Amino acid sequence: MASVVLVHGIFNYVRGMPPAKAAAVKADDCRAKLAEGMAKARLAADVPELVMAYYADLLRPDVPGETQSSSADLSFENLTASQRELAAEWLVQAGAPVPGELQNVALAPLRQMLGWLVDDRIGRVGQRVREQTVRRLERVMVALLREVEAYTSWPERRALVRERVAETIRRECPQVVVAHSLGSVVAYETLHAHPELTAAQFVTLGSPLRLPSLVRRLEPGLRGGRGAKPAGVGHWTNFADAGDLVAIPPKLSEVFPVDQDETFDNGLGFHGFGGYLANGLTGLAIVPYLS
């Protein structure tokens, strides 16, 4: 049994690999990053055994047999009208200004708004770096919007994803569950749906749980504007990178009963699971809960 179960976020589908093998590969990648973070924090403990709750194979487009979207079509131009509206709402929530004369938010100049955010957050940089940063953020936004839709639009698929994650937690009986990006939403819903599952520590990294387009779809939904801690969770820690466009707004504790809520700066590696695991604070949040 593993001490830590990881729940991944977006960009984790491994083409042509069975789920068990993909889970092992992803866990190995994360183990190396956590070891790096523990070394930074000068933690003497050994890197704990990690198991990945892998569900990316279940998040496929509406046509059965197709894989997740390729990087080639991860652009604002390929969003539907409703997705564009959600993207604009997301950018406004992050602090991007909307042109004053705009009447329909779905027609907002998304790439221009994203560029304003980049300029505001990283300051003056070369044109090439700026363009690369905008493009990378655009890909992250489009991928998350599509995977959120894949997860929330089909009840049967949502149930399959939750059961896959629940099965992993049930089998491993971990002390700690660490969930990143969309995985924090999946883990939150899974732990609520299965109150018999327990974790002494629940760590969410780069979580979009407060993103308006997700809050409206959460199961269970908010009550009186507040979320609830899953019954089997002892302590909940949330970390958000200051520049992480997915963790918008970053402070989960304003809506959810988070016990420790911290923001830090990972530089331009702002959203990757590896970047969060390689930060020493993540290791410090995990190690005290290991038996």
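**Figure 1. The whole chain and its accessible surface.** The accessible surface of the chain comes to about 12,600 Å², and carbon and sulfur atoms account for 53% of that area. Keep in mind as you look around that this is a predicted model. Of the 291 residues in the chain, 51% are buried. Take the contacts between residues at least 6 apart in sequence: 76% of them join residues at least 24 apart.

**Figure 2. The open sheet.** Here six strands line up in the order E2-E1-E3-E4-E5-E6, with parallel pairing. Strand E2 (50-53) and strand E6 (260-264) are the edge strands, each pairing on one side only. On average, neighbouring strands of this sheet are turned by 20° against each other, direction ignored. In general, strands of a sheet pair through backbone hydrogen bonds.

Figure 3. To find your way, look for Ala179: its bridge partner in E4 is Thr204.

**Figure 4. Helix H1 on the sheet.** Helix H1 (residues 19-40) packs on the sheet, where it touches strand E1 (4-7) and E2. The direction of H1 makes about 130° with that of E2.

**Figure 5. Helix H6 on the sheet.** Another helix to visit is H6 (residues 182-193), which also packs on the sheet. Helix H6 touches E1, E3, E4 and strand E5 (233-241). Compare the directions of H6 and E3, and you will find an angle of about 135°.

Notes. Residues are numbered from 1 along each chain as its sequence is written. This is a predicted model: local features need pLDDT of at least 70, side-chain atom pairs count only at pLDDT 80 or more; totals for chains, interfaces and linings use all residues. Side-chain values use heavy atoms; hydrogens and water are left out. Two strands pair if DSSP finds at least two bridges between them. Helices (H or I, at least four residues) and strands (E, at least two) are DSSP runs, numbered from the N terminus. Axes are lines fitted to C-alpha atoms, for helices over the stretch in contact, and angles run from 0 to 180 degrees between N-to-C directions. Contact means heavy atoms within 4.5 Å. Buried means under 20% relative accessible area, exposed over 50%, partly exposed in between (1.4 Å probe, protein chains only). Accessible areas come from the Shrake-Rupley method with a 1.4 Å probe; for residues, only the protein chains shown count as cover.
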